[in-house]
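Me: I would like to learn how to read a few features of a model. Please take them one at a time.

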Amino acid sequence: MDRCVPSPPFRKRPRAQARPSRQSGGSAARCGAGMAHYKATDSKREQFRRYLEKSGVLDTLTKVLVALYEEPEKPNNALDFLKHHIGAAAPENPEVEALRLEVAEVKEKYEAVLEENKKLKAKLSQYEPPPEEKRGE
């Protein structure tokens with residue numbers, strides 16, 4: 001049987017306000033209309049939770065939070081700790097920077113080799129007979 005789970009009260013009602021009675025359909029009437037919304041919200045939350053779980057976000061967050069919990073001396077800024085351990089604000093690894101420089105150098109060499117290849121092909125074409133003359137021989 002479906003039970004209507006009321007939302008938690010955010011502030012208390014003043015005593016002067018009368019609570020709706022069950023006879024007037026106050027709680028029961030609200031429950032029927034609100035239950036569909038409650039189920040839809042619950043379904044969206046469940047879908048989002050599955051998405052986070054499937055993509056590995058929950059696992060990563062759990063590991064980082066456990067690392068923070070197990071840290072003997074808690075950092076002054078927990079958010080920086082999380083960012084650093086997740087990798088969002090991690091300083092650039094020197095090895096990664098070296099690889100980026102190497103890639104840039106290789107790209108420059110590649111462009112130079114392409115240009116040299118183009119020049120050599122042009123020079124070679126001066127010494128080769130045109131394609132029509134080759135067929136005639």
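Me: Where do Phe 48 and Tyr 51 lie, and how many residues apart are they?

Reply: This is a predicted model. Both residues belong to helix H1 (residues 26-54), and they are three residues apart, about one turn of the helix.

Me: What kind of aromatic pair do Phe 48 and Tyr 51 form?

Reply: The count for the model is one aromatic pair. Phe 48 and Tyr 51 form that pair, with ring centres 6.0 Å apart and planes at 35°. Planes under 30 degrees apart would count as stacked and over 60 as edge-to-face, so an angle between those limits is called tilted. The Phe 48 and Tyr 51 pair is accordingly tilted.

Me: Is Tyr 51 buried or exposed?

Reply: Exposed means over 50% relative accessible area. Tyr 51 has 53% relative accessibility, so it counts as exposed.

Me: Which residue lies over the face of Tyr 69?

Reply: Lys 74 does, at 5.8 Å from the ring centre.

Me: How are two packed helices described?

Reply: By the angle between their axes and the distance between the axes. Here the axes of helix H2 (residues 57-70) and helix H3 (residues 78-86) come within 10 Å and cross at roughly 130°. That angle makes H2 oblique to H3. The H2 and H3 crossing is right-handed.

Me: Which residues make the contact between H2 and H3?

Reply: From H2, they are Leu 61, Val 64, Leu 65, Ala 67 and Leu 68. H3 contributes Ala 78, Phe 81, Leu 82, His 85 and Ile 86.

Me: What does Val 64 touch, leaving out residues up to four places away in sequence?

Reply: Val 64 touches Phe 81, Leu 82, His 85 and Ile 86. Between Val 64 and Phe 81 there are 8.7 Å from C-alpha to C-alpha, and the two are 17 residues apart in sequence.

Me: How many helices and strands does the chain have?

Reply: Five helices and zero strands. Along the sequence the pattern reads α-α-α-α-α.

How values were computed: Residues are numbered from 1 along each chain as its sequence is written. This is a predicted model: local features need pLDDT of at least 70, side-chain atom pairs count only at pLDDT 80 or more; totals for chains, interfaces and linings use all residues. Side-chain values use heavy atoms; hydrogens and water are left out. Rings of Phe, Tyr and Trp (its six-membered ring) pair if their centres lie within 6.5 Å; planes under 30 degrees apart count as stacked, over 60 as edge-to-face and the rest as tilted. Helices (H or I, at least four residues) and strands (E, at least two) are DSSP runs, numbered from the N terminus. Buried means under 20% relative accessible area, exposed over 50%, partly exposed in between (1.4 Å probe, protein chains only). A charge sits over a ring if NZ of Lys or CZ of Arg is within 6 Å of the ring centre and within 35 degrees of the ring normal. Axes are lines fitted to C-alpha atoms, for helices over the stretch in contact, and angles run from 0 to 180 degrees between N-to-C directions. Angles under 35 degrees count as roughly parallel, over 145 as roughly antiparallel, 65 to 115 as roughly perpendicular and the rest as oblique. A crossing is left-handed if the near helix is turned anticlockwise from the far one by less than a right angle, and right-handed if clockwise. Contact means heavy atoms within 4.5 Å.
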